[in-house]
Amino acid sequence: MLFRSRITTVLFSLPIVLLSYPLQAASFFSQVATAPPAGVSPLHHQLLQLAPGVTPEALRLAAQALSCADPSAERLAVIDYSLPSSEPRMWVFDLHQHTLLFEELVSHGQGSGDAVASAFSNTPDSHQSSIGLFRTMNSYYGRNGYSLRLDGLEPEVNDLAFERAIVIHGADYVSDDFIAQTGRLGRSHGCPAVREDITYPLIDSLKENQYVFAYYPDEEWLATSQVINCPTALSLARR
């Protein structure tokens, strides 16, 4: 009787064991499928997974810059100024939770261009946007309402952002209605302005020592940027 009982127990448990193998295999192959391809850093791969429609080069350079400045960063916003202002071109990533928090419209400066930005500056009163890597500072209430200060981390590229009062803030000229009327967003004095409806949650997700990376294929910046050509970032990108 004892022998027969053991056989019954084994036969009863066998289907459960067999059923668990496909689940384990699926989990294994899922991990394999999400592993970074050769030559793609883990951070770059993570960004590509979360926002596959973003310009790959913008995400690659954002990953290199962040790997240089702060590999353990929690949040990152990527702005792609190579896209027209009528399209979403700002993405906010939670790197620890592996989630995309926002995909948004964002303005550029009056001096940078009309519907498409093509000129960028670090010069006060230029009313141009700045590119490169920024670290976020504190939020505050100013003439544009709830706003977020930015600290430019690249000398001669964006390191005068604080002095120029380049901040993230909400604006009524950042909306689908404005695009419908003019074919583009309104333009700021150089600030990356966002929709008023999402100002509070977006700023709160990025304030205090998070990062913003503003991309444009500017040849001089690409060749000389200390954060995207950082030896640490380049070595990580090759892994």
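The model is predicted.

The structure holds one cavity of 30 Å³ or more. The space in the largest cavity comes to about 50 Å³. Which residues line the largest cavity? The lining consists of I79, Y81, S129, S130, F134, L150, I166, G190, P192, V212 and A214. Sorted by kind, eight residues of this lining are nonpolar, three are polar and none is charged.

Charged side chains come up in the salt bridges, of which the count is eight. One of them joins R75 to D94, with N and O 2.9 Å apart. R75 lies in strand β1 (residues 75-80) and D94 in strand β2 (residues 90-94), so this pair ties together parts that are 19 residues apart in sequence. R75 counts as buried because its relative accessibility is 17%, and buried means under 20%. D94 is also buried, with a relative accessible area of 4%.

R75 forms a salt bridge with E74 as well, at 3.8 Å from N to O. E74 has 32% relative accessibility and therefore counts as partly exposed.

Another salt bridge pairs D204 with K207, and here the closest N and O atoms are 3.4 Å apart. Are these two partners buried or partly exposed? D204 is partly exposed at 37% relative accessibility, and K207 is partly exposed at 27%. Elsewhere, salt bridges that share partners join E74, R75 and D94 into one network.

Methods
Residues are numbered from 1 along each chain as its sequence is written. This is a predicted model: local features need pLDDT of at least 70, side-chain atom pairs count only at pLDDT 80 or more; totals for chains, interfaces and linings use all residues. Side-chain values use heavy atoms; hydrogens and water are left out. On a 1 Å grid over the protein atoms alone, a cavity is a set of points where a 1.4 Å probe fits but cannot get out, and a pocket is an open set with protein on both sides within 12 Å along at least five of seven lines; lining residues have an atom within 4 Å of a point. Grid points are joined across faces, edges and corners, and a volume is the space filled by probe spheres set on the points. Ala, Val, Leu, Ile, Met, Phe, Trp, Tyr, Cys and Pro count as nonpolar, Asp, Glu, Lys and Arg as charged, and the others, Gly among them, as polar. A salt bridge is a side-chain nitrogen of Lys or Arg within 4 Å of a carboxyl oxygen of Asp or Glu. Buried means under 20% relative accessible area, exposed over 50%, partly exposed in between (1.4 Å probe, protein chains only). Helices (H or I, at least four residues) and strands (E, at least two) are DSSP runs, numbered from the N terminus.
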